[in-house]
Amino acid sequence: MVESAQNPVPATVPPRVAAHPYDVVIVGGGLAGGLIALALHRHAPGCRFVVVEAGRTFGGHHRWSWFETDIPERERALMAGFQLNGWDEGYDITFPAYGRTLPTAYRSLASAEFHRALMAELPAERMMLQTKAASLDAGGVTLADGTRLTAKRVIDCRPFKSSPALSGGWQVFLGQHFKCDRPHGLTRPVIMDASVDQVAPHGNGEAYRFVYVLPLSPDEVFIEDTYYADQPKMDAEVLKGRVAEYAHRHGWKGEVIDQEAGILPVVSGGSFAAATAEVTIPGVALAGARGGFSHPLTSYTIPFAASNALAIAQLIARRPDLSGAELAAFCRRRAKRHWRATAYYRMLSRMLFEAADPGKRVVVFEHFYALKGNLVERFYAGRSTWPDRLRILTGKPPVAIPRAIRALFSSGTPLDTKPHTMENPA
């Protein structure tokens, strides 16, 4: 199967073929595609690759954050070229029943810096911005203007695609970057302030809601309103009002200098094979969230994107003769292992969306964040031990036992395949 754009190149127009074949064509310059390109540049210097990105910049308009311990040392070097925001003194969490400071160092990367660093390090001939791919196949990529890029290997790093074969809910968020008129006084990130009102806006159902705060400089702060919901809907004006109210409550005045918003899948179950079959193109490797490489409950992607990028680059460096089909099989095996390894988190997602009373979902997270800090770290990195898993499920049940049992065997609610609703996103 060859995936085509809505307006494919007419068959009567002969394609213009690039002068030289590529070793690798990466389609999609988001986090996964950008890190693969960076890893190839550093670890497979003889590899002739190119990144094809439809947008004006790499990385879109996002901010990725992670605990320092999420990324192993050997992969941390891949992130060393980026200018990160970092807090070595730990982070805070707040719930209705308690607040805590946990000691783990925290990191954050803005997409603008991601783009800047890639532009500075990658050779110009390795990048194609504002270039749309019309179709992908095992032998290369055809661009929207008819140009044909032939390649030994093609890697599909385009965004996640919803599927009725997957079940779950959604994480909806809107964040604003404030330039305050005076120092805000924060020294640590607030990873989760769940002391806020727990009702989702405009009939989206009650949902677990929290505010996420990053002190980017003494007078700049990033405030993000986030909630877990059953439907992929967003009213940006409501969320902007909530962010403004939160800033006002803390006495932070100033101007908004940037904004980001999104709706991310929270996968609770389904058929990985069926969902993957919908986006698989024979002989084309799948990476990033489209390939299933995300945390099913938190939607984290950084640890998996860094790990995949390094693994792919090192394999190609060792195997210059590696075929596209072999690379696709390599990524598919990694994706299957990731799916199996994250089964526990999908079970917790079912508990959240199907067993917990919507208005009491906050109790599930309140129970979790009362546990030991290193357990929380391993959870976010997708490396929970068996003792961790037992500890999370022991104690006073945050959900009713009969509903929990039903959720364990439920097929879940299919992830909506319709376009996400984002009212007034600007």
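**Strands and cores**

Start with Ala133: its bridge partner in E12 is Leu143. Strands here are DSSP runs (E, at least two residues), helices are DSSP runs too (H or I, at least four), and both are numbered from the N terminus. This is a predicted model, where local features need pLDDT of at least 70, side-chain atom pairs count only at pLDDT 80 or more, and totals for chains, interfaces and linings use all residues. Residues are numbered from 1 along each chain as its sequence is written, and side-chain values use heavy atoms, with hydrogens and water left out.

Back to the pair. Strand E11 (residues 133-137) has five of five residues buried, so the rest of the structure largely encloses E11. Buried means under 20% relative accessible area, with a 1.4 Å probe and protein chains only. E11 and strand E12 (residues 140-143) pair antiparallel over four bridges. Pairing requires at least two DSSP bridges between two strands. Two residues lie between E11 and E12 in this hairpin.

Next, an open sheet. Its seven strands run in the order E8-E7-E15-E16-E17-E14-E19, with mixed pairing. E8 (99-102) and E19 (254-270) are the edge strands, each pairing on one side only.

Now the cores. A nonpolar core joins buried Ala, Val, Leu, Ile, Met, Phe, Trp, Tyr and Cys residues through side-chain atoms within 4.5 Å. The largest has 82 residues, and Ile26, Leu35, Leu40, Ile155 and Leu327 touch the most other members. Helix H6 (residues 302-318) gives this core its largest share, nine residues. A second, separate core has 22 residues, including Val211 and Met234.

Key:
Buried means under 20% relative accessible area, exposed over 50%, partly exposed in between (1.4 Å probe, protein chains only).
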